[in-house]
Amino acid sequence: MKKWVFLRAQRGIARWMRRDAAAAWLLLAPSAAGFAVFYLIPFVMGVMYSFMSNASEGGFAGLANYRELLASESFRKAASNTFYFSAVSVPLMLALSLGLALLLNGQIYLRKWLRTSYVLPLVVPVASVIIIWQMIFDWNGVLNYALSWFGISRVDWMKTEAARNVVIAVYLWKNVGYNVILFLAGLQQIPKDYYETAQLEGAGRFRQFYSITLVYLTTTTFFVVIMSIINSFKVFRETYLLAGDYPHDSIYMLQHYMNNMFVSLDIQKLTAAAALMVCGIMAVVLGLFGLERRYRRFME
Amino acid sequence: MRVMTTIHKSLLTLLLGLIGLLLLFPIVITFTNSLMTGGELLINYGTIGKLTEVTATGADTFVNLKWLPDKVTLAQYGELLVYSPNYLLLFWNSAGLVVPIILGQTAVAAMAAYAFAKLSFRGRDSLFLVYLLTMLMPFQVTLVPNYIMADKLGLLHTSGAVILPGIFAAFGVFMLRQFMLHIPYAYIEAAKMDGAGHLRIFLTVIVPMVKPGLAALVVLLFVDYWNMVEQPLIFIDDPFKQPLSVFLSRLSGEWDTVFAASMLYMAPMVLLFLYAETYFIEGVQLSGIKG
């Protein structure tokens with residue numbers, strides 16, 4: 001009797017699991033629950049705090065926090081630096097990794113070894129990165145030494161505008177290999193006879209690249225851009241550990257600003273800054289989605 | 001003609017090889033310097049961080065970047081492994097944070113990714129967009145509410161405050177979904193015909209097919225969480241419970257052990273990477289082809 005009930009219940013679940021939506025929610029449940037508790041709810045709470053005058057016993061403050069935030073000199077500096085950094089480094093990363101992938105996809109020896117050496121920077125620990133960074137860009141570092149051969153006097157690189165470019169270089173060094181692998185895979189997916197047909201029809205190399213290679217790499221590019229944006233936020237760690245809470249003006253990022261607001265317990269400004277940053281990221285992502293969709297239709 | 005191609009091929013290989021060497025330079029330097037004595041390192045790099053131009057003896061103060069040690073010694077490794085038990089404890093702490101995160105996130109994400117990639121339900125695309133958005137946010141964005149949440153759940157100052165958010169992070173879902181989009185529906189239909197439910201299909205059809213994706217995810221998660229600094233720094237305040245990454249990040253002035261410490265720290269990542277390399281590269285590649 002008991003066994004029969006158990007079997008029927010099991011069959012019931014099995015039938016229920018065969019329906020897509022029910023199965024989907026069941027499979028999603030652990031992820032969605034944890035995601036809600038640790039990401040979604042904290043995010044919504046953060047947005048709420050940004051409209052309150054005091055996080056613990058909140059009175060509604062409207063846009064006052066935002067007004068104060070936008071009036072803050074250091075926030076504006078941090079926001080424009082973050083924007084500048086992503087706007088320069090992500091396209092640079094795209095061009096560099098696509099270029100290297102095209103070369104690696106050509107006729108070369110030792111392809112496998114080269115590929116490995118390009119990805120290995122990913123595993124270099126932050127501590128090593130910082131030491132090497134210092135060896136090269138310090139006042140007494142290798143770069144100044146090399147420049148002294150040409151009679152150029154020393155520069156304290158991390159305390160000048162050049163710090164910005166140093167951070168971009170470290171970002172490119174660390175992440176280029178990962179993106180090269182992504183592009184390489186995309187390139188290998190393009191059917192060879194497309195190029196042959198294009199050649200027969202008299203399309204030049206540039207034309208082939210522009211209307212076959214780039215079009216076919218759309219989805220790969222979308223993925224690379226997303227990963228590059230994520231990783232561009234991650235360079236903050238190296239910058240922070242090297243230059244501390246208040247680095248040179250040119251590399252003072254939104255993360256520095258938020259960190260400092262956290263330390264000084266200015267929750268209103270921190271959450272308002274976070275909300276604005278997310279709006280910015282959302283605009284970029286939706287824009288990318290739109291672009292990708294249009295290109296895909298173009299392909300079909 | 002043949003000769004021309006060979007020359008062309010060699011030149012291109014040489015160019016790409018030089019770029020490769022440039023990328024590998026920090027790893028090589030870290031390795032060779034880990035075999036030097038503390039005294040030698042101090043002479044080479046002692047002037048870093050000081051704004052002087054000339055030493056007391058009149059020599060210039062530039063760092064002396066050296067490829068090869070004067071005397072090869074394992075003294076740095078000995079110092080760390082034999083004389084400072086603290087180092088091994090921190091190593092263990094790191095493993096205690098990273099292993100549960102990797103196992104947890106891979107399992108939870110694989111199930112969710114299957115739902116997002118292969119099943120249809122209302123609100124799927126908008127929910128996925130939400131996942132995608134939070135994945136892009138830097139850690140600082142939800143710092144305060146996260147802190148309050150951890151406090152409410154009683155997780156503050158325990159490793160749970162780092163592990164649980166790690167398990168439910170969206171990256172694994174995103175990556176595995178990309179991966180599962182490649183699997184043709186025909187496989188799922190065939191399994192359905194045989195009377196398999198979605199759980200069976202997931203375990204016996206999908207999981208074996210996305211092995212490269214799982215391998216790639218494990219490597220990427222390992223690198224990411226082995227290197228995390230901010231989260232343990234804020235959520236775990238007991239220095240004896242913190243991972244190696246936090247300890248290492250403060251070590252940059254201590255020339256006598258920092259290179260060996262970096263090497264030991266890097267070792268698990270490099271080994272895992274080389275072990276899973278074929279899978280990893282295949283996995284990373286497939287995740288990016290179809291959007």
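How many of the 8 residues of helix 12 (residues 236-243) of chain A are buried? In the predicted model described here, 6 of these 8 residues are buried, so helix 12 of chain A is largely enclosed by the rest of the structure; a residue is called buried if 20 or more other C-beta atoms lie within 10 Å of its own, exposed if 12 or fewer do, and partly exposed in between, with C-beta atoms placed from the backbone. Because the model is a predicted one, local features are reported only at pLDDT of at least 70 and side-chain atom pairs only at pLDDT 80 or more, while totals for chains, interfaces and linings use all residues. Residues are numbered from 1 along each chain as its sequence is written, and chains are lettered from A and ligands numbered from 1 in the order in which they are written.

Chain A contains 14 helices and 0 strands, helices being DSSP runs of H or I with at least four residues and strands runs of E with at least two, numbered from the N terminus. The radius of gyration of chain A is 25 Å, whereas a compact globule of 300 residues would have one near 19 Å; the radius is taken over C-alpha atoms, and the globule rule is 2.2 Å times the number of residues to the power 0.38. Along the principal axes, the C-alpha atoms of chain A fill a box of roughly 95 × 70 × 40 Å. Of the 300 residues in chain A, 38% are buried. Among the contacts in chain A with a separation of 6 or more, 69% involve residues 24 or more positions apart, two residues being in contact if their C-beta atoms, placed from the backbone, lie within 7 Å.

Within chain A, the buried residues of helix 12 are A:Phe236, A:Arg237, A:Glu238, A:Thr239, A:Tyr240 and A:Leu242. These buried residues pack against helix 6 (126-137), helix 8, helix 11 (218-234) and helix 13 (254-263) of chain A, together with helix 12 (230-235) of chain B. Just after helix 12 of chain A, A:Gly244 takes a positive phi of about 80°. Helix 8 (residues 163-189) of chain A has 27 residues, which at 1.5 Å a residue should span 39 Å, and this agrees with the 39 Å between its end C-alpha atoms; the expected span is 1.5 Å times one less than the number of residues.

The contact between the two chains takes 92 residues from chain A and 85 residues from chain B. On the side of chain A that touches chain B, helix 2 (residues 20-49) of chain A gives the most, with 21 residues. The residues on this side of chain A divide into 66 nonpolar, 20 polar and 6 charged; Ala, Val, Leu, Ile, Met, Phe, Trp, Tyr, Cys and Pro count as nonpolar, Asp, Glu, Lys and Arg as charged, and the others, Gly among them, as polar.

Chain B contains 15 helices and 0 strands. The radius of gyration of chain B is 24 Å, well over the 19 Å that the globule rule gives for 291 residues, so chain B is more spread out than a compact globule. Buried residues make up 44% of the 291 residues in chain B. An automatic or database domain assignment divides chain B into domain 1 (2-77) and domain 2 (81-289), and the centres of these domains, taken over C-alpha atoms, are separated by 33 Å. The contact between them takes 10 residues from domain 1 of chain B and 8 residues from domain 2 of chain B. On the side of domain 1 that touches domain 2, helix 2 of chain B gives the most, with 4 residues, and by class this side has 5 nonpolar, 5 polar and no charged residues.

Two residues of chain B illustrate its local packing. B:Phe31 lies in helix 1 of chain B and, with 15 C-beta neighbours inside 10 Å, counts as partly exposed; B:Phe31 and B:Ala260 are 229 residues apart in sequence and 7.6 Å apart in space, C-alpha to C-alpha. B:Ile188, in helix 9 (residues 185-193) of chain B, also counts as partly exposed, with 19 C-beta neighbours inside 10 Å. Leaving aside neighbours within four places in sequence, B:Ile188 is in contact with B:Lys118, B:Ile201 and B:Val205.
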